[in-house]
Amino acid sequence: MSDVAITSLLMVVLFALLGSGVWIGLTLAGVAWIGMQMFSSRPAGDAMAITVWGAASSWTLTALPLFVWMGEILFRTKLSESMFRGLAPWVNRLPGRLLHTNVIGCTIFAAVSGSSAATCATIGKMTLPELARRGYPEDITIGSLAGAGTLGLLIPPSIIMIVYGVTADVSIARLFVAGILPGIVLASLFSGYLAVWATMNRDRVPPPDAAMTLREKLFESRHLIPVVLLIGAVLGSIYSGFATATEAAAVGVAGSLILSGVQRSLNWATFRDSLLGATRLYCMIALILAGAQFLTLAMGYIGLPRHLAEFVTELGLSPFMLILALAVFYIILGCFLDGISMVVLTMGVILPTVQAAHIDLVWFGIFIVIVVEMAQITPPVGFNLFVLQGMTGKEITWIARVTLPFFFLMCGMVLLLWFFPQLATWMPSRM
Amino acid sequence: MRRALDFLYDACAWLAAIAMIGVLAMVLASIVTRQLGINFQGTDAYAGYSMACAGFLALAHTLKHNEHIRVTLVLGRLQGRARHALEMWALSAATLLALLFAFYAVRLAWQSHVINDISTGNDATPLWLPQLGMALGAVVLLIAFMDEWWLEFTGRRVVKESEEALHNE
Amino acid sequence: QAKWDLPAAYPASNFHTENLMHFAGEVDKATGGKLKITVHPNASLYKAPEIKRAVQQGQAQIGEILLVNFQNEWQLYGADGIPFLADSYEASMKLYKAQKPFLDKKLGEQGMMLLYAVAWPPQGIYTNRTLNSAADMKGLKWRAYSPATARIAELVGAQPVTVQAAELSQALATGVVDSYMSSGSTGYDTKTYEHLKKWYDTQAWLPKNAVIVNKAAFNALDKPTQDALLKAAAEAETRGWAASKAENARTIGLLKQNGMEIVAPPAQLKADLKKVGDTMLKEWLEKAGPEGKQLIDAYMKP
Ligand code: NA
Ligand code: NA
């Protein structure tokens with residue numbers, strides 16, 4: 001059977017199962033099962049169990065449940081309220097006002113967390129209820145959160161950069177530094193879009209709070225002290241060598257527990273709720289991760305991503321056309337696979353072509369991170385969409401639709417990166 | 001019977017919650033012992049095992065809380081018998097997949113025991129021990145899906161409103 | 001016509017993986033396309049610790065494993081990980097010859113068969129400190145990524161620190177670890193020279209990657225294909241050992257170019273480390289039992 005026929009068949013199965021309401025993690029496993037049984041020489045069952053176990057017990061993932069738990073603890077403290085009181089006077093004059101808290105919050109938290117889903121979950125737990133209470137429309141708040149959550153990958157530390165760096169033989173430290181400027185530019189693009197949106201939809205943005213003098217603003221900023229202390233503790237633990245980037249998640253949980261103790265919101269009931277809430281949210285993500293991991297294995301056996309990458313390689317394109325083709329390739333792949341799988345399944349074939357086109361590998365790493373960010377918000381398989389569906393109960397299609405503008409902003413970011421490669425290459429060149 | 005099943009789901013969820021604390025404890029232990037210069041090997045592997053247990057043991061409880069996500073676009077527009085029929089299909093497909101997962105998760109732990117599969121890390125744990133967590137979680141998920149299937153079949157299934165959604169709306 | 005999948009844990013650019021690709025090509029040619037092997041590098045199919053099991057149970061017909069990884073399961077898998085026992089390519093080859101009958105037997109019992117094995121370049125110590133004797137290693141924050149490296153740390157009074165490969169670079173930058181033991185090749189690949197400036201070329205041990213095949217899958221091939229496979233494997237082994245030596249020379253040169261000082265270990269350090277090695281050999285023999293003693297005796301025989 002040809003690759004096109006296999007792809008079409010698996011696609012039909014995927015959409016039929018998803019559309020008929022089969023749980024997402026099980027759907028992915030089902031598609032993988034059918035693909036592997038029909039189109040590979042190996043039986044699916046034992047391979048599935050080994051792979052799922054390996055992924056679910058892998059130490060590198062431990063930061064994810066811990067950051068999810070941190071979000072659940074912070075959600076039950078007064079932290080979100082005080083963060084808003086501290087930020088509000090400063091963003092009050094900007095068009096869009098508190099809408100910017102998602103972008104600012106995600107940008108700051110991205111410097112702590114290496115994952116997009118954890119960034120989205122942690123910040124969302126704090127901002128979504130508060131923004132809804134203040135009357136901000138949910139389509140733009142949820143959309144901007146899904147988009148800005150992906151900054152967790154571009155702003156260091158970043159799990160995907162580590163995977164790419166090891167795969168492509170590029171310095172991880174350089175990649176980290178290279179991600180800073182594009183991360184800030186992308187965050188500014190998001191904020192800029194929110195400002196434009198707010199100017200065009202004045203009636204949908206709640207009225208500003210009373211204006212303040214600078215002294216009053218600074219005084220209100222004292223409410224930011226707990227957030228700053230927490231972020232300082234997590235970041236400080238990483239950069240002082242107290243903990244590794246993964247271990248810092250545990251510092252975050254411990255810090256959040258202390259914070260909630262100091263604010264007197266820690267008692268048995270809140271501790272139990274945060275623990276069980278985190279366990280369920282992580283469990284939901286874990287089932288999807290298990291299905292996605294099995295799908296990746298099936299794809300590896302069938303060879304679809306590899307063949308597709310070989311096809312792109314053989315086209316013989318100019319560098320610009322190559323990057324455009326790769327962007328399209330990864331956007332399509334990103335609809336169905338998670339970021340790490342995309343990288344490990346295709347790099348072996350893609351990298352020689354990229355090197356032959358004299359494209360800088362650090363620059364290419366940033367390009368890869370941005371397309372992987374897009375994959376987080378494209379249906380049917382997009383982890384930020386899953387996290388937000390879990391948190392808000394909205395349909396995944398609705399979330400994907402409200403996130404679409406941010407997807408286009410990331411496409412714009414890819415073009416910006418092409419025309420201004422210094423965004424990614426300047427800072428590492430000065431190391 | 002009802003009470004026994006609910007007790008089973010909740011008991012496993014509590015085990016999962018304890019495993020979650022285990023993840024935190026193991027990662028904190030690796031930080032603290034390093035600062036104090038104490039030699040305590042294998043914390044990374046134990047954190048991984050705890051994480052797997054946290055993820056799998058809560059599967060059934062999370063399902064009962066309606067927090068495993070699915071696309072309900074079509075389901076939501078259907079009423080009466082059509083909706084019942086589609087729910088039966090989705091639950092049947094899910095039960096079948098859960099059965100496969102449970103069967104092979106149990107088989108994984110059992111074969112690890114037979115071939116003496118041992119962790120390659122500093123912990124040198126026989127892998128069937130932590131894999132029991134995944135096997136148990138998968139079996140209990142299968143029971144929960146059969147439970148849901150039967151309730152839907154007999155028209156008594158009540159889908160719990162997700163608490164998560166309530167936090168945010 | 002048979003199609004085999006070969007999971008491997010290292011990137012496509014690694015010399016082991018390049019050799020695997022070459023091997024797969026040779027097999028294809030020699031069998032006239034009757035046996036096609038697809039190499040899946042970079043742990044894209046299975047992760048390093050899972051590959052042996054995948055081959056053993058037939059999820060993959062063939063795979064590449066790092067033998068010392070499986071020492072917890074059976075001590076003799078880790079014979080090439082005993083420090084300062086075989087400290088050159090020649091000694092390592094001799095150890096491999098002594099180890100091979102045992103490997104053949106054990107893998108055979110487990111339903112597998114050894115096709116070939118290739119040594120990694122020898123292991124040295126990365127650090128910023130000047131080491132004149134083992135006493136200078138006291139208090140080093142030492143990356144312990146295997147039971148053997150953890151035990152070395154204990155014996156010299158360094159502090160074993162668990163850091164995953166993915167976080168090594170960052171851990172070095174922030175000082176979570178300030179020393180570890182590995183080959184020149186790994187040190188170059190992980191860009192250790194960005195953080196540490198000295199490499200003590202202790203030639204502590206040369207761990208081997210082994211290519212193993214599932215016995216049932218092998219038996220399912222016809223005789224000419226089996227012979228072609230074995231012949232290609234023998235050639236790949238010769239090629240691999242030569243490539244390993246070349247890689248060692250190349251990466252040491254590259255480390256120097258990037259500002260790393262390559263230090264021959266001073267006599268006192270060498271003597272101290274030899275003592276560490278003796279202790280660990282004794283401990284290994286206790287755990288490995290009579291088989292282990294036979295192996296070491298066979299290796300020591302002049
Ligand atoms: Na980040
Ligand atoms: Na996607």
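This is a predicted model: local features need pLDDT of at least 70, side-chain atom pairs count only at pLDDT 80 or more; totals for chains, interfaces and linings use all residues.
Local features need pLDDT of at least 70 and side-chain atom pairs count only at pLDDT 80 or more, while totals for chains, interfaces and linings use all residues. Residues are numbered from 1 along each chain as its sequence is written, chains are lettered from A in the order in which they are written, and side-chain values use heavy atoms, with hydrogens and water left out.

Start with the interface. On chain B, 63 residues are in contact with 66 residues of chain A (contact means heavy atoms within 4.5 Å). Together the two chains bury about 5,700 Å², with 73% of it on carbon and sulfur atoms; buried area is the accessible area (1.4 Å probe) that two parts lose on being put together, summed over both.

What about charges? Three salt bridges cross the interface of chain B and chain A, a salt bridge being a side-chain nitrogen of Lys or Arg within 4 Å of a carboxyl oxygen of Asp or Glu. The side chains of B:Glu67 and A:Arg280 meet in a salt bridge, at 3.2 Å from N to O.

Now look at helix 1 of chain B, residues 2-36 (helices are DSSP runs of H or I, at least four residues, numbered from the N terminus). Helix 1 gives the most to the side of chain B that touches chain A, with 14 residues. Its 35 residues should span 51 Å at 1.5 Å a residue, and the end C-alpha atoms are 50 Å apart, which agrees; the expected span is 1.5 Å times one less than the number of residues. Just after helix 1, B:Gly37 takes a positive phi of about 70°.

Conventions
Helices (H or I, at least four residues) and strands (E, at least two) are DSSP runs, numbered from the N terminus.
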